[in-house]
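Take a look at the chain below. We will walk through its nonpolar cores and its disulfides.

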Amino acid sequence: MFSFCSNAGVPCRVKSPIDGLSEYAKVNYKMGCDSIACKNDTFIFGAMDAARNSDATVIFAGIDLSIEAESLDRVDLLLPGYQTQLIQQVATVSKGPVILVILSAGGIDISFAKNNSNIKAIIWAGYPGEEGGRAIADVLFGKFNPGGRLPVTWYEADYVNKLPMTSMPLRPVESLGYPGRTYKFYNGPVVYPFGYGLSYTSFIYTLTSAKRSITVDLSNTIQCRDIAYNDDVFKPDCAAALVDDLTCSEEIEFQMEVENTGEKDGSQVVIVYSKPPSGISSTHIKQVVGFQRVFLNAGDSETVTFKLNACKSLGLVDFTGYALLPAGGHTIVVGDGEVSFPVEVGFKKN
């Protein structure tokens, strides 16, 4: 007889959060809601009593496939039912520190928890797999140092009221007052931005070398392409070239030293963005053009090298669907701006 585990469907076994936490400490578990919908607030009082009599409190909240699925759209960005009230009341009476664990696939507006001084940490655990309970416990008790980054933007709740879900453009629709979508086009307030993440250590970046200009040779058969700029902004004589017309062999190369300045070993995801020249209208704010994960022991450093293709990393797509490489001053940004430097792109006619 053979047994096997499937990567979809019912797992062979499940290590729940209670199972995982119980391997580290005695767990005084109380159910705060009777379901994900959490329409009955009477369970909150038992959870509050447990928090009053425990050295630390871990609150698990979130949503499941009854709220979000491929065939099921969410109607808001809030926690269902009385979950928000549960978190706030338990955090108020807890004897020790409070950690909030959010289980969800999409973002949730938990600004109230982010701004609650009684809640000392928030973990987004997604939808954990069969060993998810052990993984969560390992992070909470410091056995594992997390180094994850948010792959999506967590919008504030009123974002859903700013545009209908039938609006498909990623770019803002200024005539209708619709904001943009994703980190590339949305510049409004967020709960947590794309790429956000913390760990139990800290890292610093130092730029050691960088190529800051590129000249692209254009043959006589390649035409300069126009590109829309905002009014009263300088536009180069040869504003852009069609990517399909270019060999696209030019590269931007730069090196950085990444140093773990904390007291714990850990990994850091170094995310690199590019920003287009200022003044170009209706284009992205920034875009991811590269990333590397670096594991460093406490106190150690490592030199990281990036080689970015100019067309892929500095190009944009205009409203007509053409991929263009704009001339002018682009900017390479690492992380949240810890390192940034300009890259000037120019065209030369042969």
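The text below starts with the cores and then turns to the disulfides.

This is a predicted model, in which local features need pLDDT of at least 70 and side-chain atom pairs count only at pLDDT 80 or more, while totals for chains, interfaces and linings use all residues. Residues are numbered from 1 along each chain as its sequence is written, and side-chain values use heavy atoms, with hydrogens and water left out.

Start with the cores. A nonpolar core is a set of buried Ala, Val, Leu, Ile, Met, Phe, Trp, Tyr and Cys residues joined through side-chain atoms within 4.5 Å. Buried means under 20% relative accessible area, exposed means over 50%, and partly exposed lies in between (1.4 Å probe, protein chains only). The largest nonpolar core here has 35 residues. Leu246, Phe254, Leu325 and Phe347 have the most contacts inside it. Strand β16, residues 339-349, gives the most to this core, with 5 residues. Strands (E, at least two residues) and helices (H or I, at least four) are DSSP runs, numbered from the N terminus.

Now zoom in on Leu246. Which residues does Leu246 touch? Not counting residues up to four places away in sequence, they are Val216, Leu218, Ile222, Ala241, Cys311 and Leu325. A contact means heavy atoms within 4.5 Å. There is also a second, separate core of 25 residues. Among its members are Ala61, Ile63, Leu79 and Ile110.

Next come the disulfides. A disulfide is a covalent bond between the sulfur atoms of two cysteines. Here, a pair of cysteine sulfur atoms within 2.5 Å is counted as one. How many disulfides does this rule give? The count comes to 3.

One joins Cys33 to Cys38, with an S to S distance of 1.9 Å. Both of these cysteines are buried. The link of Cys33 and Cys38 is left-handed, with -55 degrees about the S-S bond.

Another joins Cys224 to Cys238, at 2.1 Å from S to S. This link is left-handed too, with -100 degrees about the S-S bond. Both cysteines lie in the loop between β7 (213-218) and β8 (240-242), 14 residues apart. Is Cys224 buried or partly exposed? Cys224 is partly exposed, with a relative accessible area of 35%. Cys238 is buried, at 16%.

Cys248 and Cys311 are also joined, with S to S at 2.1 Å. Their link is left-handed, with -85 degrees about the S-S bond. Cys248 lies in the loop between β8 and β9 (251-260), and Cys311 lies in helix α7 (residues 310-314), so the pair ties together parts that are 63 residues apart in sequence. Both Cys248 and Cys311 are buried.
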